[in-house]
Amino acid sequence: MRTHLARYLRSLRSHPARSTIALTWNEMLSLATDPTTGDQLGTSEVKTTTVKALVHFVAPITSGVRVFAEIQAGDAIIDFDPDVDLSNKPGLFFTFAGQDWVQQKMGKELEESWDAYYGDQRLHRTVAVRRKT
């Protein structure tokens, strides 16, 4: 079974429909805490990396019934490889399809409905994004 999973993951990672996505965030170089407000102070540097992922665009809802209010027509859903780290990246935004996008806040129920595991191994990490304003 393990070889089937490895073959599946290789085919996903080499799929021709995967889009190149630039991840951009601010990384704090020197950290200090303001003793009065507790805010983090310091200098930051803009970091960028590119990854490949499958992107799905949300079509207008034709039935008039929306199961999850977090998702709107025009939003996008991105399936990243499980090793893509999106945590601890303040100000993170995604650039693809000629536009900037930010991560949409999702409820726990929606997030769990997208989880895909094979045994204990996560197959991909799915996030919803909306256009950055």
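Predicted model: local features only at pLDDT ≥ 70, side-chain atom pairs only at ≥ 80, totals over all residues.
Local features need pLDDT of at least 70 and side-chain atom pairs count only at pLDDT 80 or more, while totals for chains, interfaces and linings use all residues. Residues are numbered from 1 along each chain as its sequence is written, and side-chain values use heavy atoms, with hydrogens and water left out.

The chain has 2 helices and 9 strands, taken as DSSP runs numbered from the N terminus (helices H or I, at least four residues; strands E, at least two). Their order from the N terminus is α-β-β-β-β-β-β-β-α-β-β. Of the 133 residues, 32% are buried (under 20% relative accessible area, 1.4 Å probe, protein chains only).

The largest nonpolar core contains 17 residues; such a core is a set of buried Ala, Val, Leu, Ile, Met, Phe, Trp, Tyr and Cys residues joined through side-chain atoms within 4.5 Å. Ile21, Leu23, Ile78, Phe80, Phe94 and Phe96 have the most contacts inside it. Strands E1 (19–28), E4 (44–57), E5 (76–80), E6 (93–96) and E9 (121–131) each supply at least two residues of this core. Apart from it lies another core, of 6 residues, among them Val58, Ile71, Met106 and Leu110.

Asp75 sits in the loop between E4 and E5. Asp75 is buried but has no salt bridge (a side-chain nitrogen of Lys or Arg within 4 Å of a carboxyl oxygen of Asp or Glu). The nearest side chain of opposite charge, Arg131, is 6.4 Å away, where Lys and Arg count as positive, Asp and Glu as negative, and His and the chain ends are not counted.

Methods: Buried < 20%, exposed > 50% of the residue type's maximum accessible area, 1.4 Å probe, protein only.
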